[in-house]
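Work through the following exercises with the sequence and the model at hand, and try each task before reading its solution.

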Amino acid sequence: LAAAALLGACGGPREPDPAGAPPSVLLVVWDTVRADRTSAYGHLVPTTPRLEALAADGVRFERAISASSWTVPGHASLLTGLPARAHGASYAYPWLNDRFETLAESLRAAGYDTYAFSANLHFGPETNLAQGFDRFEHPWDERWEPRLAELGRTRPSQDKDAADVAGEALLAWLDARPADAPPFFAVLNMMEAHLPVRPSETSRAALMDEALAEASRRWDEEPPRLIPWMLQERAATPEELALVAANYDAALLDLDRRTGALLDALEERGVLDDCLVVVTSDHGENLGERGLFDHKFCLYDTLLRVPLVVRPPGGGAARVVAETVSSQDVHATVLAAAGVAVPASTTAPTSAGTRGRDLLAGPLEPRPVVAELRAARLKLLEREAQGRDDFDWPRWLRLFEAIEFGGEKLIRASDGGLELFRVDRDPGETEDLAGAEPARARRLARALDDWLRGVREFDAEAEDEAGKRRVLSEEDRARLDALGYVED
């Protein structure tokens, strides 16, 4: 289908509802998706044709930067509009404090029905990110077990691949509502791109030759252990690196197709044109660049630059925003579309220059965008480093802060190391200019310090909140372990 037929765009944006009814909101989070591997952002492999169609009928943000590089702080910033240090969710404290009002809480108080479906255990009640949702479902809930069995996804490492089930679950919830139901706010987390990656045969056939597809199938039963490659216990071969990238691309096509099927179903129900649709990610993924894999150990654009496409109700926007924006901005954008004020509980910990902003409010003024990787819990590394006398702990224990402004990006490590990149002309961050241009690096470091001083840091110990975290079942621990998270 052409984009206009797919998304109902007929001659420009829909006129405002004369009754002033607020729009429904659909927020789709493609977990672990980096922008540069999507064809919507220029990747030469056709991984995301449906996202391209959505962008052609909406607003595509060329440089959207996640507030952090992993799930819990990334989702917390999306849902609160706060920087990572303000809401405090981190490896040491994977929990959103009750004091921070989420999008779901704000919209439910304004009369919205609220729904979420998450294939990631780190986005849900287990991390207190389910605040404000009338219903919150996971694919492994008893209700969806028969459907997963039908699809052949029964193991903890398989039930994450449930983007199609997420769509079915949302439609079932919508279909059960009365005809005069209020607008809805729905968040769907889709995990196909997260390790372990097992793309569908359909996507393999579309993007791989038979030899590559067969190698990909062999990894289905025994996915590669990428962390040992990263720790240089064994170097990955060029063929293995190519397969990692091909698997990832095919998983993105799965995400794209399953999201497109949901949009089709919403259009058939006459719902789509009454929705603000947002498609984004919580962070990206390293695919071997700089010898890195996974998404826990750096703040390069492989992890921070995420897709962000916003289609207003009725579509017809069709523009690209070049200005750098933050994932925090999704919060203010959604609330503005709904006509709901940003709650005081989310603005108090930050200055005006560090809060999220409405991305659809007109031309955006240039402003610094900051991301953080804080308080790392490194049980995974501890497991891999056992028995190794040569393990380089100082390298892997570093934490990071990054600031981007005016096409320049500075990454500062906790050991004082600085890296400076001109991302406007070096998008791969291949040339570190910190040594050659120390004055420029110092200027950005001062700007970073100024920005950070505008944020009141959340102190988990002072709040005495750690004891309120949910105790994980053995099944949930196995599920997190399968995803590469090792818990205490």
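**Exercise 1: the core**

The largest nonpolar core has 134 residues, and those with the most contacts inside it are L26, F61, L170, F185 and L308. A nonpolar core is here a set of buried Ala, Val, Leu, Ile, Met, Phe, Trp, Tyr and Cys residues joined through side-chain atoms within 4.5 Å. The model is a predicted one, in which local features need pLDDT of at least 70 and side-chain atom pairs count only at pLDDT 80 or more, while totals for chains, interfaces and linings use all residues. Residues are numbered from 1 along each chain as its sequence is written, and side-chain values use heavy atoms, with hydrogens and water left out.

Task: determine which helix gives the most to this core, and list what F185 touches.

Solution. Helix 11 gives the most to the core, with nine residues; helices are DSSP runs of H or I with at least four residues, strands are runs of E with at least two, and both are numbered from the N terminus. Turning to F185, and not counting residues up to four places away in sequence, its contacts (heavy atoms within 4.5 Å) are V25, L27, L103, A104, L107, Y112, D113, T114, Y115 and F133.

**Exercise 2: helix 11 by itself**

Solution. Just after helix 11, G270 takes a positive phi of about 75 degrees.

**Exercise 3: two partners of helix 11**

Task: classify the packing of helix 2 and of helix 9 against helix 11, and describe each contact.

Solution. Axes are lines fitted to C-alpha atoms, for helices over the stretch in contact, and angles run from 0 to 180 degrees between N-to-C directions. Angles under 35 degrees count as roughly parallel, over 145 as roughly antiparallel, 65 to 115 as roughly perpendicular and the rest as oblique.

1. Helix 2 (residues 49–56) packs on helix 11 (residues 238–268) at about 50 degrees, with the axes 7 Å apart, which makes helix 2 oblique to helix 11.
2. In this contact P49, R50, L51 and L54 of helix 2 meet L253, D256, G260, A261, L263 and D264 of helix 11, and the residues divide into six nonpolar, one polar and three charged. Ala, Val, Leu, Ile, Met, Phe, Trp, Tyr, Cys and Pro count as nonpolar, Asp, Glu, Lys and Arg as charged, and the others, Gly among them, as polar.
3. Helix 9 (residues 210–221) packs on helix 11 at about 85 degrees, with the axes 10 Å apart, and the two are therefore roughly perpendicular to each other.
4. Here L212, A215, S216 and W219 of helix 9 meet E240, L243, V244, A246 and N247 of helix 11, a set of six nonpolar, two polar and one charged.

**Exercise 4: backbone in the loops**

Task: state whether R290 and E429 are buried or partly exposed, and give the phi of R290 and of E429.

Solution. R290, in the loop between strand 8 (286–287) and strand 9 (293–294), has a positive phi of about 60 degrees although it is not a glycine, and is partly exposed at a relative accessible area of 36%. E429, in the loop between strand 17 (418–422) and helix 17 (438–453), has a positive phi near 50 degrees and counts as buried at 3% relative accessibility.

Conventions:
Buried means under 20% relative accessible area, exposed over 50%, partly exposed in between (1.4 Å probe, protein chains only).
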